[in-house]
Amino acid sequence: IWIQRSFQDNNNNNNVNNTTNLLEVAEEIHRMRRHHANVPVLLEERRTICRLQNSIQALAKVHCIITPDRIEKVYEASKKYDHIGEMIKPSVISEITDCCRT
């Protein structure tokens, strides 16, 4: 599973949608990806990505089917833990995934 911050919404998306030449589309997508890669990931974005990753790992550890709905439920249940690293403790995994195992 690849997790990253979302692309910034800008006018370049309209250029891709309005372009019919495949080479132009590929070049525009390449420019968007290059720009995205050069923009630093903020600390809060890193925390969100880490919490999301830990939510997915928690579901996997308890052998739950991983769906967007379940990821969101575990993510929300994990918010009471300020330190994201606590999410991977067995007792915490059991608690935050309880909403998906009932």
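Which residue caps the N-terminal end of α2? Asn 21 does, placing a side-chain oxygen 2.8 Å from the backbone nitrogen of Leu 23. This is a polar contact (a pair of N or O atoms within 3.5 Å; within protein, one must be able to donate a hydrogen and the other to accept it, and residues adjacent in sequence count only if both atoms are side-chain atoms).

Before going on, a word on the model. It is predicted, so local features need pLDDT of at least 70 and side-chain atom pairs count only at pLDDT 80 or more, while totals for chains, interfaces and linings use all residues. Residues are numbered from 1 along each chain as its sequence is written, and side-chain values use heavy atoms, with hydrogens and water left out.

**Helix α2**

Helices here are DSSP runs (H or I, at least four residues), numbered from the N terminus. Helix α2 covers residues 22-38, 17 residues in total. From its first C-alpha to its last it reaches 24 Å, close to the 24 Å expected at 1.5 Å a residue; the expected span is 1.5 Å times one less than the number of residues.

Which residues of α2 are buried? They are Val 25, Glu 28, Met 32 and His 36. Buried means under 20% relative accessible area, exposed over 50%, and partly exposed in between (1.4 Å probe, protein chains only). Seen down the axis of α2, the buried residues fall within an arc of 75 degrees, so they line one face of the helix. That arc is taken from the directions from the helix axis to the C-beta atoms. The face turned away from the buried side carries the exposed residues Leu 23, Ala 37 and Asn 38.

**Salt bridges**

A salt bridge is a side-chain nitrogen of Lys or Arg within 4 Å of a carboxyl oxygen of Asp or Glu, and by this rule the count comes to five. Among them are these:

| Pair | N to O distance |
|---|---|
| Arg 31 and Glu 28 | 2.7 Å |
| Glu 44 and Arg 47 | 3.7 Å |
| Asp 69 and Lys 73 | 3.5 Å |

Arg 31 and Glu 28 both lie in α2, three residues apart, about one turn of the helix. Glu 28 is buried at 7% relative accessible area, whereas Arg 31 is partly exposed at 42%. Glu 44 and Arg 47 are also three residues apart, both in helix α3; Glu 44 is exposed at 52% and Arg 47 partly exposed at 41%. In helix α4, Asp 69 and Lys 73 are four residues apart, about one helical turn. Asp 69 is partly exposed at 44%, and Lys 73 is partly exposed at 38%. An α-helix has 3.6 residues a turn, so residues three or four places apart point the same way.

**Arg 51**

Arg 51 sits in helix α3 (residues 43-61). It is buried yet has no salt bridge, and the nearest side chain of opposite charge, Asp 82, is 6.2 Å away. For charge, Lys and Arg count as positive and Asp and Glu as negative; His and the chain ends are not counted. The side chain of Arg 51 does reach the backbone oxygen of Ser 78, at 2.7 Å.

**Cysteines**

How many disulfides does a search of the whole structure find? It finds zero, a disulfide being a pair of cysteine sulfur atoms within 2.5 Å. For Cys 64, the nearest cysteine sulfur is that of Cys 100, 5.6 Å away. Cys 64 is buried at 14% relative accessible area, while Cys 50 is partly exposed at 34%. Cys 100 also lies 9.4 Å from Asp 69, C-alpha to C-alpha, although the two are 31 residues apart in sequence.

Notes: Helix = DSSP H or I, 4+ residues; strand = E, 2+ residues; numbered from the N terminus.
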